[in-house]
Amino acid sequence: NKMEERMHINWYPGHMKKTKELLQSSLALVDIVVEVVDSRIPLASKNPDIDTIAANKPRIIVLNKEDLADQAVTGKWIDYYQKKGFIAIAMNANSGNGLDRLITAIDRAYSAQKEKFLSKGMINRAPRIMIVGIPNSGKSSLINKLTGRKSAQTGDRPGVTKGKQWVRVKGNLEMLDTPGILWPKFEDDRVAMLLAFTGAIKDDVLNVEEIGFQLLDRIRKIDPAIIEKRYSVEIDPDEETIEVMNRIASERKFILRGKEIDYHRTGQTILNEFRAGLMGRITLESPQEQNKKTDSEE
């Protein structure tokens, strides 16, 4: 798979192994793991390894970028994760909307441990958290909101950490200042596509025409009215998605010399407008799909 080959460039095995070991040693020091995912693609933006690595730690799942996702579907995802025994909350790390919910959730997750510390006669100390997530999940924005810094010192570079640093952050918490990088797992093309749609994979390694077309097709399956409204086109249920793309191009006048359609510009526009939330709030993965998948595997 060409697309996968391109995407694996930065994620060679030695790199991933080192990151995993760093995460494991860091996790031993924390009370609670805060895992950040993109609420438009909660499963594709998750690293399945974290379930094993953080198995014995209380975990809070932050469905970030909730302002871009369908609210009703986000509610279903929260239920889905809570049934699995995690605390899940929706938030927008850029604006800070939902930060108070996160702090409350951390206190709730910590209360059992706090009792244990007190019963052992230890002093009541601040909850220690670590924030993990794949690049572009909004992990850095959340760290910045908690620390009140403009940008976190630790970029998305696994293994780059100046010793183990505890930072006192909002809500009287201590945060382990380490990258907490997870890499997405491309188990199938579906995951790779979803990550490409949201911009978690850089456009310069992708075929923008193809990705834009696939996104159009996906949104059409969710609700054709979204496309009709945004691009002033009417969609006939029997027509091919490429015909819809052609009409969007002519509606936007994305035509090259010789009346050829500029598919690159059309694809890029569809991607940009989806990512900016201009088509409305859209979630590309639903818990129902996941339940169907699990049922068929059993």
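1. In this note, contact means heavy atoms within 4.5 Å. The model discussed is a predicted one. In these terms, helix α6 (residues 139-147) lies across β1, β4 (128-133), β5 and β6 (173-176). Its direction runs at about 155° to β4.

2. The sheet is open and consists of 6 strands in the order β3-β2-β1-β4-β6-β5, with mixed pairing. Its edges are formed by β3 (87-90) and β5 (166-169), each of which pairs on one side only. On average, neighbouring strands are turned by 30° against each other, direction ignored.

3. Within the sheet, strands β1 (residues 32-38) and β2 (residues 59-64) run parallel and are joined by 6 bridges. Val 33 stands opposite Arg 59 in β2. Helix α4 (residues 71-83) packs on the sheet, where it touches β2 and β3, and its direction makes about 165° with that of β3.

4. In soluble globular proteins, nonpolar side chains tend to be buried together. Here, the largest nonpolar core has 44 residues, of which Phe 197, Ile 219, Ile 227 and Leu 284 touch the most other members. Elements that each supply at least two residues of this core include α2 (13-27), β4 and α8 (208-222). Helix α7 contributes the largest share, 7 residues.

5. Leaving aside residues up to four places away in sequence, Phe 197 touches Ile 211, Gln 214, Leu 215, Arg 218, Leu 271, Phe 274, Arg 275 and Leu 284.

How values were computed. Residues are numbered from 1 along each chain as its sequence is written. This is a predicted model: local features need pLDDT of at least 70, side-chain atom pairs count only at pLDDT 80 or more; totals for chains, interfaces and linings use all residues. Side-chain values use heavy atoms; hydrogens and water are left out. Two strands pair if DSSP finds at least two bridges between them. Helices (H or I, at least four residues) and strands (E, at least two) are DSSP runs, numbered from the N terminus. Axes are lines fitted to C-alpha atoms, for helices over the stretch in contact, and angles run from 0 to 180 degrees between N-to-C directions. A nonpolar core is a set of buried Ala, Val, Leu, Ile, Met, Phe, Trp, Tyr and Cys residues joined through side-chain atoms within 4.5 Å. Buried means under 20% relative accessible area, exposed over 50%, partly exposed in between (1.4 Å probe, protein chains only).
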